[in-house]
Structure formats: C-alpha cells, structure tokens
Amino acid sequence: MKFFLLLSAIAFCWAQYTPHTNPGGTSIVHLFEWRWADIALECERYLAPNGFGGVQVSPPSENAIINNPPRPWWERYQPISYKLCTRSGNEDEFKDMVTRCNNVGVRIYADAVINHMCGSGVSAGTNSTCGSYFNPGSKDFPAVPYSHWDFNDGKCKTGSGDIENYTDPYQVRDCRLVSLLDLALEKDYVRSKIAEYLNHLIDIGVAGFRIDASKHMWPGDVKAILDKLHNLNTSWFPEGSKAFIYQEVIDMGGEPIKGSEYFGNGHVTEFKYGAKLGTVLRKWNGEKMSYLKNWGEDWGFMPSDKAVVFVDNHDNQRGSGAGGASILTFWDSRLYKMGVGFMLAHPYGFTRVMSSFHWPRYFENGKDVNAWVGPPNNDGEIKEVTINPDTTCGNDWVCEHRWRQIKNMVAFRNVVDGQPFTNWWDNGSNQVAFGRGDKGFIVFNNDDWSLFVTLQTGLPAGTYCDVISGDKSDSNCTGIKIYVSSDGKANFSISNSAEDPFIAIHADSKL
C-alpha cells in the first residue's frame, strides 16, 4: 500500500511536466497574436496533418487598449480583468478554438499574465478590450475585483516602486516590472482569483500555461497558485491529468535568480539556448558549429527534461528579453532555418517554433524603433491570416511554421523521438553532421566552402528524400535524393552558396 501511495505521489508530482501532446507530436508553435478563429482553422488544415503537438496562444485575458503608441503588441501583457475578451476574439470564439484544436489532437497552451495588472500610467476608464472599468491610479480593478489591498506597493523598498536593481531578488519579485502594477501573490485572495481564471481555461480544455514573468514572482507563490488548479478536462485528457507548466525565467547566468529555483513548478524557458546558438551560427567570438558536439547541459543549460527551448521568441526577436543581436529571426532567414533545423534535430529540450508577423523595421542608434508595432490590423482589428497558393501566409503574417524546411523538421523530430544522439561528424570548423539512432540523419555546411563527404548515417540501406530541399511525393522526391548503402554510409554534397546549406533524411522520407 505504501509503495502504491509513493508511486501515486511521484506520478502527481510529475504531472505538470507532461505536455499532453498526442503521440507523434513533439513540438509546439507560438501563433503570436493570431485570432482564435484563425488558430482553429490552422489546427484543422495544417497543424494536425503536419504533426504539430500544440499551440501557444497570446494572453486571452482582457487588457487595456493602448493608443500611444497605437495598439502595440505589448498591450496584451497589460491585463485589467480575467474576462476572455481580447482582439483575438471573445470567449465563445476561444472555446470554439480549444474544442476544434483538441478534437484534431492539437493542444492549446495559454500565455498567462498573472504577475501584474496594467501599467500605473495607463489612463482610467473603460478603454479595455471588453469595456470593463479600471483605474490604475487607485489600483481599482472591479471586474476581478482587485483593490489597492491586493498589490505589492508596501513590500517594494525602492523609491520609484519599480525594479531598480536586478541583483536584488526582493526588488525583482516585489517591485513593479516597468511600472506594471505588481500583484501581492502571497495573499490567498489574489492566489484564488488567479486560480479561478486559470481553472476557467482548464475547464474549457487548455492543456497548460506559459507563465509570463515568472522570474518576477516567488517560486512558492507560483506553487501555491498551481496547487489550486483543477485537473484537465476529461473530454480530451486522461483522468487526473495536470496542466503542463512552463515558466518564463530569463536566466543568462549573471543574476542571483536562477531558473533552477522554479523546477519544482514545471518546465522553465532556456533563454541561453537561442542566444548561444545564434552566436555559433553567426560565427561570432570565434564560435564554430564543431563545438556543438556536446550541446546541451555541458553548455551551462538546465537539464533537458526541464527546458523549453526556442531559437527566438516574441520578445527577443524584437531586441528585448534576452540574447541581444545574436538572436536569429525570420529577418535572417537562411541562418534561421539552419538554427531551427538544428534545434528540431537535436534531442535537447522541449521545442517551440515561432510564428511571427512583419513590422516596418527602422533602426536608430542600433535600436529598432518600430519594435512596438502590433499585429497586421485594420483600425485595430487583427487581420485574417490568409493562405497563398504556395501555402505561405499573406496579410503580413510570416508563418515560419509553414516554411517547408521548418515544417519538415517538425516531422523529422516526431520520427526520431526517443532515439539516441549518434554518429557525430565535424570538419573541425562549421561543417557538422549527426544522427538520431537508425531513424534520422542531418548534415550542415556553415563554412565558406563546399562540402563533399561520405558519412556513416546509421540508417538502413535505401533511397531517401532530403526534406530540406523538397518533399517525398508518392514514390519520388521533389528535392535532392540521398542513397544510403548497405553499410549505412552515404555521400553528401552541399554548396556553401546553397539557399539552405543543410540536408536531412529520416525513416519516413525513404522511398
């Protein structure tokens, strides 16, 4: 009996580390600022057929409408209530999206903004996405309701009330992040209101949460909220399932707050991953791809089973967040596809793909002054995500997840799931290759000269379609063919001027 109880306790403890993706769905995509109606469609027409496990959606809670600058993307991170009412859609549309995505096996993870309410400088009134009244000056949010008793002003010891020193963990967690009104999460009332909001989303059918600004909350306060959460909806999830939790903690190694402090609550975002990978692929500071042989924990990253990894995210692709200029984005499409390809082929971490929108970049003193620009819109109404004849997106949506090279590498990761990291090869510089057991093999050429090499792939003999230059189509390849001989070896040729200087083959791309 004791043994059974111990097993039950262990299963419960690990429940929030399970993403609840269907078998064969090992990656999620962040459909940043998409409308709920468009996400529902995308789940059915593209994500499920192409093996995506889930979608991170933008914050679904009511937010302040910011008009200076006009409707920036970051207004979504200025909540004024927990009503499900944003420019992505209303509650009925949110429910429809969750139901339709779950019905085709694609999970929904909500970006949960629970550290704070809107900024102290936002004007009072009903200028909010659901029309609820709020007054930041008096800390009055009647639609929750929160009053001045529910905020941290008394605990914060800085003159401004804002975080002034990131080496002081008390300031980072008890003071305002860029003037956002900091909630008193040690109060059971506040914890209960947040849990009520998250439970509403769970009951609708979400599979988990990205917990925004987790670094700015005490780990124990986060745990106290998570302990109040319902089990997942049994319409789609096994009885007793707990929400998948991944916490935004920017830990680049130079501050006292560590990502490891949050492991007890769930996964943590590994920001060093994209910053280091970008530095290597850009060949800055003498870095080479050959150094990636021991990629993962040996690079100072958190344990693989706790890490959510990404090449870029909605913050750092705009120059904020962490990583600086090393971060690869869709603006550097050639290197970006290599970076995402490497991430999806390598076994480290739980992978999230970014899906973006264009904005008019304009740099002054090295800073993109238009990084605030919100999603494609007509007078504040988010534009529909239109699909072009070649399956890319229109209306200024970038849709990296629909780029053939990235979509096919999501499939690659699904095929090689659980396989060991094998058959590493490098030329001592920026030509590298590795396998995933007997299921997949990938080769990169990031040097300034062409690659011609015979390598041990570990794959069974046969003809394989390279899924970067094309697709497997019936009994043929639309791109490069790779012939693996009976000893598992194959010849690879990659020009340094190729549009995509890498090749990937896997068990399902075999003719």
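Which residue in S18 stands opposite threonine 422? I began with this question, and I note at the outset that the model is predicted.

**Entry 1: a hairpin**

I found that glycine 435 in S18 is the residue opposite threonine 422. The two strands concerned are S17 (residues 421-426) and S18 (residues 431-436), which pair in the antiparallel sense over four bridges. I recorded that S17 and S18 form a hairpin, with four residues between them. In the turn, I looked up glycine 428 and read a positive phi of about 80 degrees.

**Entry 2: domains**

I consulted the domain assignment, which gives domain 1 as 16-269 + 357-397 and domain 2 as 421-509. I noted a separation of 39 Å between the C-alpha centres of domain 1 and domain 2.

I then turned to serine 509, which is located in the segment after strand S26 (502-506).

**Entry 3: the barrel**

I traced eight strands that close into a barrel, in the order S1-S2-S5-S8-S9-S10-S11-S12, with parallel pairing. On average, neighbouring strands of this sheet are turned by 30 degrees against each other, direction ignored. Valine 308 has phenylalanine 350 in S12 opposite to it. I also saw that H3 packs on the sheet, where it touches strand S2 (54-57) and strand S5 (107-112). The direction of H3 makes about 140 degrees with that of S5.

**Entry 4: two packed helices**

Two packed helices are described by the angle between their axes and the distance between the axes. For helix H2 (residues 36-47) and helix H3 (residues 91-103), I noted an angle of about 10 degrees and axes 8 Å apart. I therefore described H2 as roughly parallel to H3. H2 contributes Trp36, Ile39, Ala40, Leu41, Cys43 and Glu44 to the contact, while H3 contributes Glu93, Phe94, Met97, Arg100 and Cys101. I sorted the residues of this contact into eight nonpolar, no polar and three charged.

**Entry 5: leucine 180**

I located leucine 180 in strand S7 (residues 180-182). Leucine 180 counts as buried because its relative accessibility is 8%. Setting aside neighbours within four places in sequence, I listed its contacts as Tyr77, Gln78, His116, Met117, Cys118 and Gly119. Leucine 180 and lysine 155 are 25 residues apart in sequence, and I noted 15 Å between them in space, C-alpha to C-alpha.

**Entry 6: backbone exceptions**

Most residues other than glycine have a negative phi, and most peptide bonds are trans.

- The peptide bond from asparagine 68 to proline 69 is cis, with omega near 0 degrees; proline 69 is in the loop between strand S3 (61-63) and strand S4 (79-84).
- The peptide bond from valine 144 to proline 145 is also cis, with omega near 0 degrees; I placed proline 145 in the loop between strand S6 (116-119) and helix H4 (169-174).
- Histidine 20 has a positive phi, near 65 degrees; it lies in the loop between helix H1 (2-14) and strand S1 (27-31), and it counts as buried at 13% relative accessibility.
- Cysteine 399 has a positive phi of about 55 degrees; I found it in the loop between strand S16 (381-382) and helix H9 (404-416), buried at 1% relative accessibility.

Terms used. Residues numbered from 1 in each chain as written. Predicted model: local features only at pLDDT ≥ 70, side-chain atom pairs only at ≥ 80, totals over all residues. Heavy atoms only, no water. Axes fitted to C-alpha atoms, helices over the stretch in contact; angles between N-to-C directions. Parallel < 35°, antiparallel > 145°, perpendicular 65-115°, else oblique. Contact = heavy atoms within 4.5 Å. Nonpolar A, V, L, I, M, F, W, Y, C, P; charged D, E, K, R; others polar. Domains from an automatic or database assignment. Pairing = 2+ DSSP bridges. Buried < 20%, exposed > 50% of the residue type's maximum accessible area, 1.4 Å probe, protein only.
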